[in-house]
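Please look over the sequence and the structure shown here. A short report follows.

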Amino acid sequence: MPPSVDDRFRDILDAIAELDDLLQGYDFEKFSRERRTRLLTERLLEIVCEASRSIPDAIKQGEPTIDWRSMIDFGNLLRHAYHSTRADTVWEIIRNRLPPLQAFAERRLHQSGE
């Protein structure tokens with residue numbers, strides 16, 4: 001049985017929780033110096049992006065403040081142009097774009113009874 005929409009939201013929340021744990025105590029300078037941490041961060045973001053791709057457009061329209069297209073594009077960059085990923089871009093996504101996505105995923109799961 002393929003993953004449900006709720007499964008995808010749980011994948012997003014699990015990856016964000018892992019990122020929060022991984023990056024606790026980090027600032028941008030420390031993050032940009034630690035290649036292994038950046039690589040793990042990029043993998044977790046790839047999971048978030050891939051899970052987001054599977055969310056139906058009708059549901060995505062419920063949160064127009066999230067730039068879903070950019071999320072998909074960033075996932076493609078991580079998969080196909082990983083050599084051009086910039087630490088400042090990744091840091092910006094973590095700090096500014098994940099919190100609204102996390103809040104939306106939590107609301108959706110709460111609405112579905114999770």
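Which side chain of opposite charge is nearest to Glu42, and how many Å away is it?

## A buried charge

The model is predicted. In it, the nearest side chain of opposite charge to Glu42 is that of Arg38, 5.1 Å away. Glu42 is buried and has no salt bridge. A salt bridge here needs a side-chain nitrogen of Lys or Arg within 4 Å of a carboxyl oxygen of Asp or Glu.

Glu42 belongs to helix 3, which covers residues 35-53. Leaving aside residues up to four places away in sequence, Glu42 touches Leu78, Thr85 and Val90.

## Helices and overall form

The protein has 6 helices and 0 strands. Along the sequence, its pattern reads α-α-α-α-α-α.

Along the principal axes, the C-alpha atoms fill a box of roughly 40 × 30 × 30 Å.

Of the contacts between residues at least 6 apart in sequence, 72% join residues at least 24 apart.

## Interior, surface and charge

Of the 114 residues, 38% are buried. The protein exposes about 6,900 Å², and carbon and sulfur atoms supply 48% of that area.

The protein carries 17 positive and 21 negative charges.

Note on methods
Residues numbered from 1 in each chain as written. Predicted model: local features only at pLDDT ≥ 70, side-chain atom pairs only at ≥ 80, totals over all residues. Heavy atoms only, no water. Helix = DSSP H or I, 4+ residues; strand = E, 2+ residues; numbered from the N terminus. Buried < 20%, exposed > 50% of the residue type's maximum accessible area, 1.4 Å probe, protein only. Contact = heavy atoms within 4.5 Å. Areas by Shrake-Rupley, 256 points an atom, 1.4 Å probe, with all protein chains shown as cover. Lys, Arg positive; Asp, Glu negative; His and termini not counted. Charge placed at Lys NZ, Arg CZ, Asp CG, Glu CD.
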